[in-house]
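Please have the sequence and the model at hand.

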Amino acid sequence: MPEKILPLNTKPGSVLAECVAEARRDLARVRRLLAQPTSAAVADSAVLLENAANRLRDLEQGLRRGGGGRPPGLARELGELRRELARASEMLESAAALYLGWARLLFAAAGGYTARGEPAAPLAAGRFSVEG
Amino acid sequence: MSLFSTLLTSANALRVIDQQLATTQNNVANAGTPGYAKQRLSINSLPFDPAGGLPGGVSAGELESYRDVYIEQTVRRRQQAWGAAQQQASDLQRLEPLFDVTGEAGIPGALNALLQSFSSLSVTPNDTVARQAVIDRASDLSLRFVQDATALDSFKLDLDDQMRGVVDTINQLAGDVRALNAEVRQDSRSGGDPNVDAKLNATLEELSEYADITTLKQPDGSVTVLLGGQTPLVIGDRAFTVTADFSGANTAIRDSNGQDITAQVGAGRLYGLLQTRNQVLPSYITDLNRLAQTLADRVNAVLAGGIDSAGNAGAPLFAYDTAANAAFSLHVTGITEPELAAALPGAPGGNGNALKLASLAESPEIDGLSLTGFYGGLAGRVGQDVERASGDEQTRQQLLVQARSLRDNLSGVSLDEEAANVLAFQRAYQASAQLVKVLDELTEITVNLLQ
C-alpha cells in the first residue's frame with residue numbers, strides 16, 4: 001500500500017527538500033528491485049513509483065500555495081531526483097527489452113508468425129495427464 | 001514414458017535445431033532489434049501416442065537452446081557496455097585531480113597570482129619588487145602549464161600501455177576460444193560436452209568485457225567470433241590476432257592483415273580506452289594549448305603597446321614554440337625587470353600599460369570568457385565528464401546484473417511458465433511505465449515552479 005503523505009503547505013521549507021529526497025530514495029529502491037526483473041519486482045516497483053509520485057504531487061501543491069518557502073537545497077535535490085528517475089527508467093526499459101526479445105522468440109517458436117510477420121500470441125491449449 | 005523415448009525426443013529436437021540453425025541464429029541475434037523482419041521458424045510438433053511410444057512435442061527443448069543463445073548474447077552485450085563505461089570512468093577519475101576547480105592551486109592558482117601581480121604593478125609601476133614579482137609569477141605559471149601538459153601527455157602513454165594489455169588479453173582469450181572450438185568439434189561427434197560448452201560461454205563472456213564481439217554458432221558446434229561484427233577473431237580452430245598501432249597521433253587498432261579497424265570497435269574496454277585516448281584527452285590538451293597561446297599572445301600584445309623603464313618599446317614576457325604545443329613549451333623570455341613595459345608611450349613612469357595588463361583578469365579573451373573563466377569551463381567539463389562516466393558505469397553495471405539475473409531466472413522454467421511470466425511482466429510493466437511518465441511530468445512541473 002502506498003505510504004500516506006501529509007500535506008506540505010504548512011510545513012517548513014526544509015521539509016520540501018526532504019520530500020524530494022524521499023522520492024529519490026523510492027526511485028533508488030526501484031532501481032535495486034529491478035536488478036532482478038521478475039514480474040513481482042516490477043509490480044513492487046509500481047508501488048514505490050506511486051509513492052514517489054504522491055510525494056511530488058504534494059510538493060507541487062505545496063509550492064503552488066507558496067507554503068514552506070523554497071529552500072536552496074531543493075533545486076539540487078530535484079536534479080538528483082531527475083538523474084535517479086532516468087536510471088530507474090533505464091532499468092525498467094532494459095528489463096522490458098529483455099522480456100520483449102525473449103517473448104518474440106518464445107511466441108514465434110510456440111505459435112509461429114501471423115500473416116503480418118509478427119510472432120503469434122500464445123494460445124491457451126487444453127491438456128490432459130495420464131496417471132497410472 | 002521410457003528413457004528411450006525421451007532420448008528419441010531429444011535426438012529429434014537436435015535434428016530440428018540443426019536444420020533450422022541459420023534461421024534461429026538470425027532470429028536470436030535480432031530478437032532485440034525493433035522492426036526486424038522475422039523469418040519463419042517452422043518447427044513441427046511430433047506425434048503424441050504414449051501407447052505407441054511416441055512422446056510428443058519437442059518445442060520446450062528447442063526453446064531452451066534459443067533462450068540460452070539469446071540470453072547469453074544479451075549478457076555479453078551488457079558486459080561490453082559495462083566494460084567500456086568502467087574503463088572510461090576509472091581513467092577519467094585518475095585524470096580529474098589535474099584540473100583544479102578551487103582556483104587556488106595548479107594552473108588557475110598560478111594564473112590568479114599572475115593577474116594579481118599585474119594589479120599590484122598598476123599600483124606601484126616603478127617598484128622593482130612589484131616588477132620582479134610579475135616576471136616570477138609568469139615563470140610559475142609557465143612551469144604549471146608545462147607540468148600539466150606533460151602530465152596529460154604521460155597519461156596518453158599510460159592509456160597506450162593499458163591498450164597494449166587489453167589487446168593482449170583479447171588475443172589470449174581469442175586463442176582460448178580457438179582451443180575450445182577444437183574441443184567442441186571433437187565432442188560434437190560424441191554428443192557434446194556441457195563442460196566445454198560452459199567454458200566456451202564463460203570465455204566469450206570474459207572476452208566481451210574487453211571487445212565488441214559478435215558470435216555465430218556453426219553447425220559443427222564451434223563458434224565464430226567477429227570483432228565489431230566484421231573482423232574475424234576466431235573461425236573454427238583459427239585465431240586472428242589484432243594489434244594496437246601507436247605510431248600516429250591517434251592510437252589505431254589493426255586486424256591481422258594490418259587494416260585499420262579502429263572504427264569497428266564500438267564497445268568493451270578497448271572502446272573505452274580508444275575514446276579517452278583519441279577523443280577526450282586530445283580535446284583537453286587542445287583547450288590547454290589554446291589557453292596558453294591566448295595568454296601569451298594577449299600579454300605580449302599589451303606589453304608591445306607600452307614602454308619600459310628606459311622608454312623603449314615593451315619586450316615580450318612569454319614565448320612558446322607552436323600553437324599546437326603552446327602549453328608544453330610555454331616559458332618566460334629573458335626579459336629583465338627594467339624591460340617590463342608598465343607605462344604607455346607619452347606617459348613614461350606611469351601605470352597606463354600596467355592597468356591594461358590588470359584588465360586582462362576580467363576581459364573576455366577566449367570564446368567570450370576571461371582567461372580564468374575559460375580554465376574554469378575546462379575544469380568543469382572534466383568534472384562533468386567524470387560524473388557522467390561514473391553514473392554511466394553504475395547504470396551499465398546494474399544492467400549487467402539485471403541480465404545475469406534474468407539468465408538465472410530463465411533456466412529450468414517450462415514453456416507454459418515462461419509464457420505466463422512474459423504476460424505477467426507485460427502487465428506489471430505497463431503500470432510502472434505509466435508511473436515513470438507521470439513522475440517525469442511532475443518533476444518537470446516542479447522544476448518549472450522553482451524557476
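## Terms and model

A residue is called buried when its relative accessible area is under 20%, exposed when that area is over 50%, and partly exposed in between. The model is predicted.

Side chains of opposite charge can pair when their charged atoms come close. Here, a salt bridge is counted when a side-chain nitrogen of Lys or Arg lies within 4 Å of a carboxyl oxygen of Asp or Glu. By this rule there are 29 salt bridges over all chains.

## Arg55(A) and Glu22(A)

Arg55(A) and Glu22(A) form a salt bridge, with 3.7 Å between the closest N and O atoms. Arg55(A) belongs to helix α2 (residues 39-64) of chain A and Glu22(A) to helix α1 (residues 13-33) of chain A; the pair is 33 residues apart and links distant parts of the chain.

Glu22(A) has a relative accessibility of 21%, so Glu22(A) counts as partly exposed. Arg55(A), at 6% relative accessibility, counts as buried. Both residues also belong to a network of salt bridges, in which Glu18(A), Arg25(A), Asp26(A) and Arg29(A) are linked with them.

## Arg24(A) and Glu77(A)

A salt bridge also joins Arg24(A) to Glu77(A), where the closest N and O atoms are 3.2 Å apart. Because Arg24(A) lies in helix α1 of chain A and Glu77(A) in helix α3 (residues 73-111) of chain A, the pair ties together parts that are 53 residues apart in sequence.

## Glu365(B) and Arg298(B)

In chain B, the side chains of Glu365(B) and Arg298(B) meet in a salt bridge, at 2.5 Å from N to O. Glu365(B) sits in the loop between α9 (352-359) and α10 (371-410) of chain B, and Arg298(B) in helix α7 (residues 268-304) of chain B, so this pair ties together parts that are 67 residues apart in sequence.

Glu365(B) is buried, with a relative accessible area of 17%. Arg298(B) counts as partly exposed, at 32% relative accessibility.

## The buried face of α9(B)

Which residues of α9(B) are buried? They include Asn353(B), Ala354(B), Leu357(B) and Ala358(B). Seen down the helix axis, the buried residues of α9(B) fall within an arc of 145°, so they line one face of the helix. Among the elements that cover these buried residues are α4 (106-123) and α7 of chain B.

Methods. Residues numbered from 1 in each chain as written. Chains lettered and ligands numbered in written order. Predicted model: local features only at pLDDT ≥ 70, side-chain atom pairs only at ≥ 80, totals over all residues. Heavy atoms only, no water. Helix = DSSP H or I, 4+ residues; strand = E, 2+ residues; numbered from the N terminus. Buried < 20%, exposed > 50% of the residue type's maximum accessible area, 1.4 Å probe, protein only. Arc of directions from axis to C-beta. Contact = heavy atoms within 4.5 Å.
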